[in-house]
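Here are my notes on this one, as numbered points. Have the coordinates open while you read.

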Amino acid sequence: MKHPTEWRQIGIVAAYLGVLASMVFVPACRNVLFLAAACYLSFLNTVVIHNHLHQGIFQSRRLNMIFRVVLSFGALYPASANIPSHNLVHHHFEDDGKPDWAAPTHVSFKWNLLNLLHFPNVAGPNTFAGVSRWARYKGREDFVRQYLVEQVVAFGLTGALLVYDVWTTLFFVVVPQLYGARCILRINLIQHDRCDTTSEWNHARNFVGRAFNWVMCNNGYHTIHHNRAGLHWSALAEAHQREVVPRVDPSLDEPSMVLYLLRTYLFRPSRPPMRDVAKAETEGPQIDLAPREIRRAEAEAASA
């Protein structure tokens, strides 16, 4: 294992698989509490996918590939899809002249809650169509092979469980799998909507609660993740405080994701207006930040 903090991620995945197994094989565990726990842990499983596909947890490439397969079953989609869709496309935003498959602009309902609910229905098909196109290029045979293995295991094991007990699997395995997969797509909207993706420091929203980030393996610190994508997730909190806070519009540092979701999508019917959030970085202290092309190259190299 590359870093001792990775035990937290291993623990999340083990707890998730343990809850799924309990609901399948122990009838007493088939209840709302276990289902809610499975859905929450499924979302955290996709957070681990994000981190693992940026920097593999293990020193061994083979172990990293096996762990991708395990994560794929938990999310019911091939974990390796994150490489083209997130590491290579999303981290570009649209400044390379090509669309971000999960950009907030893909939804435009006046009632903002509908944007949150509908976003996975747009971003999901966009993403997997894009991954399929990307995989057809020459030189990506290793990716295609791994991607296929992840599909076979994820859908094959889920199919076997459906044969074993169709209704239990549908309600207590497939529902959590899909919940996590759809929630991680929504994060793209939550973290970037009403931000300025053309700016260096005000392109993302951060959720800075300490307890939240302990559970989320520091995925609340999204600005610094984009700007230092090769940085290990355990170092993001310190880097956020040092580099982001002096240059980000204060409105983009949210203390609580729950309160933000309630305020933005439930208690406010309309979508918030755009603001000139990028003004903050011109007023704050300057920093020598490598061009986006170099930062993206570093992120791509780390995910190889």
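1. Ground rules. This is a predicted model, so local features need pLDDT of at least 70 and side-chain atom pairs count only at pLDDT 80 or more, while totals for chains, interfaces and linings use all residues. Residues are numbered from 1 along each chain as its sequence is written, and side-chain values use heavy atoms, with hydrogens and water left out.

2. Salt bridges overall. Searching the whole structure turns up eight salt bridges (a side-chain nitrogen of Lys or Arg within 4 Å of a carboxyl oxygen of Asp or Glu).

3. Asp 193 and Arg 194. This pair makes a salt bridge, with 3.4 Å between the closest N and O atoms. Asp 193 is buried at 3% relative accessibility, whereas Arg 194 is partly exposed at 22%. For the cut-offs, buried is under 20% relative accessible area, exposed is over 50%, and partly exposed is in between (1.4 Å probe, protein chains only).

4. Glu 254 and Arg 263. Here the closest N and O atoms of the salt bridge are 2.6 Å apart. Glu 254 is buried at 8% relative accessibility; Arg 263, at 43%, is partly exposed.

5. Glu 243 and Arg 228. Their side chains form a salt bridge at 2.9 Å, N to O. It links distant parts of the chain, 15 residues apart: Glu 243 sits in helix H10 (residues 236–244), and Arg 228 in the loop between helix H9 (222–227) and H10. Helices here are DSSP runs (H or I, at least four residues), numbered from the N terminus. Glu 243 is buried, with 7% relative accessible area, and Arg 228 is partly exposed, with 25%.

6. A nonpolar patch. Val 166, Trp 167, Leu 170, Phe 171 and Val 175 make up a nonpolar surface patch with about 480 Å² of accessible area together. Patch members have over 30% relative accessible area and no salt bridge, and nonpolar side chains (Val, Leu, Ile, Met, Phe, Trp, Tyr) are joined within 5 Å; areas are Shrake-Rupley with a 1.4 Å probe. Val 175 lies in helix H7 (residues 166–192) and is partly exposed at 38% relative accessibility.

7. The largest pocket. Its volume is about 570 Å³, the space filled by probe spheres set on the grid points. A pocket is an open set of points on a 1 Å grid where a 1.4 Å probe fits, with protein on both sides within 12 Å along at least five of seven lines; lining residues have an atom within 4 Å of a point. The largest pocket has 31 lining residues, and H7 gives the largest share, eight.

Methods: Helices (H or I, at least four residues) and strands (E, at least two) are DSSP runs, numbered from the N terminus. Patches are made of residues with over 30% relative accessible area and no salt bridge: like charges are joined within 9 Å, nonpolar side chains (Val, Leu, Ile, Met, Phe, Trp, Tyr) within 5 Å.
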